[in-house]
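User: I have a two-chain model open and want to go through its contacts. Can you take my questions as they come?

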There are 2 protein chains.
Amino acid sequence: MSVLIVGSTALDSIKTPQAENPRLLGGSASHAAVAASFFAPVKMVGVVGEDFPKKYVTLYKKHRIDLAGLQVQRGKTFHWAGEYEVNMNQRRTLLTELGVFEKFTPHLPESYKQSPFVLLANIAPALQHHVLDQIARPKFVVADTMDLWLNIALEELLRLLKRIDGFVLNDSEAHQLTQEDNVLAAMRKLHQLGPKFVIIKKGSHGSMLSGPNGCFLCPAYPLPKVVDPTGAGDSFVGGLMGYLSTARGAVQTNIRRAMVYGSVVASFCCEGFGLSRTTRVKSAEIEKRVEELERLTRF
Amino acid sequence: MSVLIVGSTALDSIKTPQAENPRLLGGSASHAAVAASFFAPVKMVGVVGEDFPKKYVTLYKKHRIDLAGLQVQRGKTFHWAGEYEVNMNQRRTLLTELGVFEKFTPHLPESYKQSPFVLLANIAPALQHHVLDQIARPKFVVADTMDLWLNIALEELLRLLKRIDGFVLNDSEAHQLTQEDNVLAAMRKLHQLGPKFVIIKKGSHGSMLSGPNGCFLCPAYPLPKVVDPTGAGDSFVGGLMGYLSTARGAVQTNIRRAMVYGSVVASFCCEGFGLSRTTRVKSAEIEKRVEELERLTRF
């Protein structure tokens, strides 16, 4: 089955202590869609401006991403610039030019409206709602978010949590939303807000699931070198949803393995600037790292 | 086989946002010895003053810890006082009274000198050396440390690393010692300093081993509430060495499971002040959490 992904489609200018890369393909939808494409057909929803490089459209197409829901509007593509510190855990935003993203309203083509698996990647909760409003009866809906929406759109986000099956956020966001330092306590509170599945991302420390079949501690694939972690969280949830949408059986049974696959795709994402490494990944490389993670965690 | 443990034996006064507990049984050797006692006979080396409460000697004995190497000297027992912040990750030392610990020279009774498994728990590197000097031909020696020794006794610590099989330290210490942010890179550098086995502790994020059979990602047991993390690292390495010393087969094969057992004992340690929870643990409770960790990590 295919997976519908809505989120941002952007140009990212990324600076690290080692290098500077202007106007890379970025955005939560781009990262999630490419990650999901290794496992399932993807239908993407997003918006770009007239300046959006053709080579990036070609890249989407190379991954067989359905672009019927990608609007091209007059104006400039959303542009974000950020800088990482030496340890790659701290980053600061240098520039945010919303461009055509400012007035974006996602419209779903008819061919998208029966999508069983829906990923509301990081984007304003109002737009996540708007996408859900247009879909018939999805089988499994997951939403990602970021601290910005906790700060400026909390009410809409809380309303969204009642409409989704799975909620993905990082540990600091979980703390901000629940006021709980303890991960298990935070997860309990997040379940009370709606979602049956809660996944807390902890960067290089992996992620943790709480769901109907209990908890799962998902490892991160240990990397000898992180080049650029931008989009790793989007790749994780994209890979997860791509895997889930084609796996046989119940979501609650498949989700652990789906997280491991997501984690592996995220590891490749970190090994190159923007999508440069992810877009060159072969399926066999993904399988190899999943097997390695099995070996790394067995006792 | 028995395990020899040298380290500090102290009285800990611990303050958390919830409670204040004066003069609890503490110190790296106390925590490590009780943890190891669930798996193996323990021979402890340490020093206490005349003020050391009898009830704590009784507690050691309840765990069948051999106290032939515990000196009782004129003066006061090492006393440490510390305070934790709300999130339990930050702590500050309020008081350090070395007492009899200041002039401590560990003397090994004859009955200790053939110990095959030796744990040099956190204590000054010079004293760790002094213990090794007195032992015939140990099978497996592990040393723990702390940031203090990196700051004031680096040379002796580096010399120690050439004499041990396994080195255990936490992530911030590994960073301080190697100047590497990346865990794999730090481990590579630590191997170059001597030890064949390197274990980096990451608190609630678990720990990681690098050894002759590759790497292992050891999970931490997720706790709904942390009461007092003091001694968790000592419990981890104590449980690990206790398990290792009685497991059949090669160290490099058993060490993964040994880490998991250590991790579980450390989880109990965090659930009470000082050793109050650890000393009440039943073997069946340890086995139950190990099984739970298997379920929590399987995919």
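User: How many salt bridges are there between chain A and chain B?
Analyst: Zero between chain A and chain B, where a salt bridge is a side-chain nitrogen of Lys or Arg within 4 Å of a carboxyl oxygen of Asp or Glu. This is a predicted model, in which local features need pLDDT of at least 70 and side-chain atom pairs count only at pLDDT 80 or more, while totals for chains, interfaces and linings use all residues. Side-chain values use heavy atoms, without hydrogens and water; residues are numbered from 1 along each chain as its sequence is written, with chains lettered from A and ligands numbered from 1 in the order written.

User: What area is buried between chain A and chain B?
Analyst: About 2400 Å², with 62% from carbon and sulfur atoms. Buried area is the accessible area (1.4 Å probe) that two parts lose on being put together, summed over both.

User: Which residue types are on the side of chain A that touches chain B?
Analyst: That side has 16 nonpolar, four polar and eight charged residues. Nonpolar covers Ala, Val, Leu, Ile, Met, Phe, Trp, Tyr, Cys and Pro; charged covers Asp, Glu, Lys and Arg; the others, Gly among them, are polar.

User: Switching to chain B: what does B:Glu271 pair with?
Analyst: B:Glu271 forms a salt bridge with B:Arg289, at 2.9 Å from N to O.

User: Is B:Arg289 buried or exposed?
Analyst: B:Arg289 is buried, at 10% relative accessibility (buried is under 20%, exposed over 50%, partly exposed in between; 1.4 Å probe, protein chains only). B:Glu271 is partly exposed, at 22%.
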